[in-house]
Amino acid sequence: MNFTAESRIIASFTFIAFLVLGAWTGVEALIYRSRIVPFESVGGRVLLLLVPVVATAVAFQATRSTEVSWAKSLGGAAVLLGLLSTMAGLVYLVTNV
(Lines give C-alpha, C1' and ligand atoms only; values in the text may rest on other atoms or scores of the structure.)
Protein backbone atom coordinates (compact mmCIF):
# COMPACT_ATOMS: atom_id res chain seq x y z
CA MET A 1 0.00 0.00 0.00
CA ASN A 2 1.33 3.37 -0.96
CA PHE A 3 0.21 6.11 1.41
CA THR A 4 1.18 9.74 1.10
CA ALA A 5 3.69 11.19 3.52
CA GLU A 6 1.01 13.46 4.95
CA SER A 7 -1.27 10.55 5.81
CA ARG A 8 1.60 8.70 7.50
CA ILE A 9 2.39 11.81 9.55
CA ILE A 10 -1.23 12.16 10.67
CA ALA A 11 -1.46 8.47 11.59
CA SER A 12 1.85 8.53 13.48
CA PHE A 13 0.96 11.70 15.35
CA THR A 14 -2.43 10.30 16.37
CA PHE A 15 -0.97 7.01 17.56
CA ILE A 16 1.89 8.66 19.46
CA ALA A 17 -0.50 11.18 21.05
CA PHE A 18 -2.65 8.32 22.32
CA LEU A 19 0.43 6.68 23.80
CA VAL A 20 1.46 9.90 25.51
CA LEU A 21 -2.06 10.29 26.91
CA GLY A 22 -1.93 6.84 28.50
CA ALA A 23 -2.90 4.13 26.03
CA TRP A 24 -0.09 1.84 27.21
CA THR A 25 -2.46 -0.64 28.82
CA GLY A 26 -4.41 -0.94 25.57
CA VAL A 27 -1.28 -1.66 23.58
CA GLU A 28 -0.20 -4.13 26.24
CA ALA A 29 -3.56 -5.89 25.97
CA LEU A 30 -3.26 -6.09 22.16
CA ILE A 31 0.19 -7.66 22.39
CA TYR A 32 -0.93 -10.04 25.12
CA ARG A 33 -4.03 -11.18 23.21
CA SER A 34 -2.21 -11.68 19.92
CA ARG A 35 -0.05 -14.42 21.47
CA ILE A 36 2.67 -13.85 18.86
CA VAL A 37 5.24 -13.46 21.61
CA PRO A 38 4.66 -14.63 25.18
CA PHE A 39 4.09 -11.35 26.99
CA GLU A 40 5.62 -12.52 30.24
CA SER A 41 8.94 -12.99 28.47
CA VAL A 42 11.54 -10.36 27.73
CA GLY A 43 10.53 -10.44 24.06
CA GLY A 44 7.01 -9.31 24.87
CA ARG A 45 8.31 -6.42 26.95
CA VAL A 46 10.74 -5.37 24.21
CA LEU A 47 7.91 -5.57 21.67
CA LEU A 48 5.91 -3.16 23.82
CA LEU A 49 8.86 -0.79 23.91
CA LEU A 50 9.34 -0.96 20.13
CA VAL A 51 5.83 0.36 19.42
CA PRO A 52 6.65 4.07 19.95
CA VAL A 53 10.09 3.66 18.38
CA VAL A 54 8.56 2.38 15.13
CA ALA A 55 5.88 5.09 15.13
CA THR A 56 8.58 7.73 15.64
CA ALA A 57 10.66 6.30 12.79
CA VAL A 58 7.66 6.39 10.46
CA ALA A 59 6.93 10.01 11.42
CA PHE A 60 10.57 11.01 10.94
CA GLN A 61 10.79 9.40 7.49
CA ALA A 62 7.51 10.91 6.36
CA THR A 63 8.49 14.35 7.64
CA ARG A 64 11.69 14.29 5.62
CA SER A 65 9.87 13.27 2.44
CA THR A 66 7.04 15.81 2.49
CA GLU A 67 7.10 19.29 1.03
CA VAL A 68 3.96 20.66 2.73
CA SER A 69 4.66 23.08 5.58
CA TRP A 70 1.82 21.97 7.90
CA ALA A 71 2.92 18.35 7.50
CA LYS A 72 6.51 19.25 8.36
CA SER A 73 5.32 21.01 11.53
CA LEU A 74 3.04 18.14 12.55
CA GLY A 75 5.77 15.63 11.74
CA GLY A 76 8.27 17.49 13.89
CA ALA A 77 5.80 17.46 16.76
CA ALA A 78 5.17 13.74 16.20
CA VAL A 79 8.90 12.98 16.35
CA LEU A 80 9.34 14.93 19.58
CA LEU A 81 6.26 13.32 21.12
CA GLY A 82 7.58 9.95 19.94
CA LEU A 83 10.79 10.48 21.89
CA LEU A 84 8.74 11.44 24.93
CA SER A 85 6.55 8.39 24.41
CA THR A 86 9.60 6.12 24.20
CA MET A 87 10.83 7.46 27.53
CA ALA A 88 7.34 6.95 28.97
CA GLY A 89 7.46 3.38 27.70
CA LEU A 90 10.68 2.78 29.57
CA VAL A 91 9.11 4.12 32.75
CA TYR A 92 6.01 1.97 32.16
CA LEU A 93 8.13 -1.15 31.74
CA VAL A 94 10.27 -0.45 34.79
CA THR A 95 7.27 0.20 37.03
CA ASN A 96 5.26 -2.81 35.80
CA VAL A 97 7.93 -5.50 35.88
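Me: In which helix does V58 lie?

Reply: This is a predicted model, in which local features need pLDDT of at least 70, side-chain atom pairs count only at pLDDT 80 or more, and totals for chains, interfaces and linings use all residues. Residues are numbered from 1 along each chain as its sequence is written, and side-chain values use heavy atoms, leaving out hydrogens and water. Helices (H or I, at least four residues) and strands (E, at least two) are DSSP runs numbered from the N terminus. On that basis, the helix that holds V58 is α3.

Me: Is V58 buried, exposed or partly exposed?

Reply: A residue is buried under 20% relative accessible area, exposed over 50% and partly exposed in between, with a 1.4 Å probe and protein chains only. The relative accessible area of V58 is 33%, so V58 is partly exposed.

Me: Which residues does V58 touch, not counting those up to four places away in sequence?

Reply: Contact means heavy atoms within 4.5 Å. A29, 29 residues from V58 in sequence, is 23 Å away from it, C-alpha to C-alpha. With residues up to four places away not counted, V58 touches R8 and S12.

Me: Which residues is S12 in contact with, leaving aside neighbours within four places in sequence?

Reply: S12 has its place in helix α1. This residue counts as buried because its relative accessibility is 6%. Its contacts, with neighbours within four places in sequence left aside, are A55, V58 and A59.

Me: What is the angle at which α1 and α4 pack?

Reply: Axes are lines fitted to C-alpha atoms, for helices over the stretch in contact, and angles run from 0 to 180 degrees between N-to-C directions. Helix α1 covers residues 5–20, and its axis is 9 Å from that of α4. Residues making the contact include I9 and F13 of α1, together with L74 and L81 of α4. The packing angle of the two helices is about 35 degrees.

Me: Is the crossing of α1 and α4 left-handed or right-handed?

Reply: A crossing is left-handed if the near helix is turned anticlockwise from the far one by less than a right angle, and right-handed if clockwise. The crossing of α1 and α4 is left-handed.

Me: Why is T66 classed as buried?

Reply: T66 lies in the loop between α3 (42–65) and α4 (69–95). Leaving aside neighbours within four places in sequence, its contacts are A5, E6, I9, A71 and K72. T66 is buried because its relative accessible area is 1%.

Me: Is V91 buried or exposed?

Reply: V91 is placed in helix α4. G76 is 15 residues from V91 in sequence and 23 Å from it in space, C-alpha to C-alpha. The relative accessible area of V91 is 53%, so V91 is exposed.

Me: What distance separates the C-alpha atoms of G26 and A88?

Reply: G26 is found in helix α2, residues 24–34. At 37% relative accessibility, G26 counts as partly exposed. G26 and A88 are 62 residues apart along the chain, and their C-alpha atoms are separated by 15 Å.

Me: In what order do the elements of the chain run from the N terminus?

Reply: The secondary structure comprises four helices and zero strands. From the N terminus on, the order is α-α-α-α.

Me: How much of the chain is made up of buried residues?

Reply: The C-alpha atoms fill a box of roughly 45 × 30 × 15 Å along the principal axes. Of contacts between residues at least 6 apart in sequence, 71% join residues at least 24 apart. Among the 97 residues of the chain, the buried share is 32%.
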